[in-house]
Structure formats: C-alpha cells, structure tokens
Amino acid sequence: MDIADNKQLVKQGAEAKIFKGSFLRKPAMFKERFRKTYRHPILDESITKERMKAEARSLVRCRMLGIHTPAVYSIDFSTRVIIMEDVSEDTQTMRMYIDNVQNSNKNDVLKELKPLMERVGQIIATLHKNSIVHGDLTTSNMLVKLGRDRSTPEVIIIDFGLSYVDGSAEDKGVDLYVLERAFLSTHPNTEELFKTLLQSYRRNYGKGSSEVLNKLEEVRMRGRKRTMVG
Ligand SMILES: Nc1ncnc2c1ncn2[C@@H]1O[C@H](COP(=O)(O)OP(=O)(O)OP(=O)(O)O)[C@@H](O)[C@H]1O
Ligand SMILES: [Mg+2]
C-alpha cells in the first residue's frame, strides 16, 4: 500500500494481519486479510470480499447507533485491506482488562467489573434491537478504553467480519451463546458476572428480550445434549 508509510505489524490474527500506520496523516489501523491456501482461490476471494463488506457495513451501522467502533477510512478489495481509525490509545482488550482485575488483589472482583458488564449487555442489546448479529463476540473482540478520570471505562466493539443483519431471536440467542462460551472458558468463576451482563441485556432490550433469552436457553440445552452424546 503506497498510501501508508512505515506500516508496523501489531497483531497476527487467524484471518488477518493488523498493521499500524497512518492514513491522510491520521493514525490508522490496516486490517489485511491474507489468502487461505487451503481454499479454492475463487472461493477464498469471494469469502474475503463478503467478510470485508460485512465488517465495513457493520462498523458504519454501529457508529450511526452511537455504539463505539473504529471509523472506517477506506476499503480496498484488491489488496484485501480495510483502513480504519486506530483506537489503541488508552485501550486494552476486554480479555486483558478482566484478567488484570481478577489477578489483582482486589477483594471484590464482581463489584469492580459490574458496571463494565452492564455496559456490554446494553451494547449487545442495542446491536440486536437493530438486527445486527456480531457473529464472533469474545472478550478479545471488545476493547476497553480507560477514562482519564478512571470512571466507568468505555467499551469499543471490533472485528465484525462474521456479522450479518438478522431479526430472528434464534440468531441473537446464538450470538449470546457464543459470547457465554467464550467468556466462561476464558475467565474462570465469572458465572455471576455473566448474569449481570444478561440482566442488563434484558433490561435494555425490553420487549422481545424474553424470546431471545429463551432461545439462548434452548441453544445451551442443545450444547449440553451434544456433549453428553459425545
Ligand atoms: N481499529 C483498531 N484500533 C486498535 N486496535 C485494533 C483495531 N483493530 C484491531 N485491533 C487490535 O488487533 C487485534 C485483532 O483484530 P481483529 O480482531 O479485528 O482481527 P482478527 O484477525 O479477527 O484477530 P483474531 O483472530 O485474534 O480475532 C484486536 O484484538 C486489537 O487488539
Ligand atoms: Mg478478533
């Protein structure tokens, strides 16, 4: 990419490389999806294009809804790059943030993390009410921005490559289930904390939330049955 000078690799993910650089003199992140050689080249190209479109579309939609996501600066299908706002200043992944609180000697981890969980529940409720299903909710795909005054941190949602628009309760239930599985396996002893998130989701979603949460319970039971059968 000639528009970026001195790009620096900051993260090698499963699907993409993330470079830090600048775009029109602003600090920017370059998300470059690499080719998967095990896929047929034509299929690989079309999957990549769909993911890039989904990502850019949802990033823009979220911002219109007041959900904090990186601004999209540019998208180039030929080089497989999305250029977006660099939100790394004062941020860390939610995963690291929770790890740090859990490993600190604070005696009330639940109380410390409760406001954050309420915020996440509220954000996912807003996404779902507007028919955006994220598709890959994990604590690595959420960034926590610490307020200058150390008040309740702001949450930034990223990595929308698997997102899509769907109004069904089933798909929203699965979205929550993916997060629950990721959350509880990444962060031990957080069942209570996750309940806070779901309560906030219910409260903020309002009418229709019971249908989604019933679906979540159904998907959980299916999951359990599957592990019992082996
Ligand atoms: N706009 C951004 N500003 C700051 N940091 C970012 C930005 N986008 C991505 N990152 C950082 O790069 C990491 C990987 O980004 P992302 O999740 O979009 O890619 P990925 O290929 O799906 O990675 P993974 O396979 O690890 O999920 C994030 O966890 C975050 O730390
Ligand atoms: Mg990711």
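The largest cavity in this predicted model has a volume of about 50 Å³. The count comes to one cavity of 30 Å³ or more. The largest pocket holds about 910 Å³ of space. Its lining draws on both domain 1 (8–85) and domain 2 (91–229), with at least three residues from each.

**The cavity**

- Glu15, Arg33, Phe34, Lys36 and Arg39 are among the residues that line the largest cavity.
- Asp44, Ile47, Thr48 and Arg51 also belong to this lining.
- Helix H1 (residues 41–64) gives the largest share of the cavity lining, with four residues.

**The pocket: residues and elements**

- The lining of the largest pocket is made up of 33 residues.
- Nearest the centre of the pocket lie Lys11, Ile18, Ser140, Asn141 and Ile158.
- Several elements give two or more residues each to this lining, including strand E1 (8–12), strand E2 (16–23) and strand E3 (26–33).
- H1, strand E5 (81–85) and strand E6 (91–93) likewise give two or more residues to the pocket lining.

**The pocket: residue classes**

- The pocket lining has 12 charged residues and 12 nonpolar ones.
- Nine residues of the pocket lining are polar.

**Where the two meet on the chain**

- Helix H1 supplies four residues to the lining of the largest cavity, and H1 also gives two or more residues to the lining of the largest pocket.

Methods. Residues are numbered from 1 along each chain as its sequence is written. Chains are lettered from A and ligands numbered from 1 in the order in which they are written. This is a predicted model: local features need pLDDT of at least 70, side-chain atom pairs count only at pLDDT 80 or more; totals for chains, interfaces and linings use all residues. Side-chain values use heavy atoms; hydrogens and water are left out. On a 1 Å grid over the protein atoms alone, a cavity is a set of points where a 1.4 Å probe fits but cannot get out, and a pocket is an open set with protein on both sides within 12 Å along at least five of seven lines; lining residues have an atom within 4 Å of a point. Grid points are joined across faces, edges and corners, and a volume is the space filled by probe spheres set on the points. Ala, Val, Leu, Ile, Met, Phe, Trp, Tyr, Cys and Pro count as nonpolar, Asp, Glu, Lys and Arg as charged, and the others, Gly among them, as polar. Domain bounds come from an automatic or database domain assignment.
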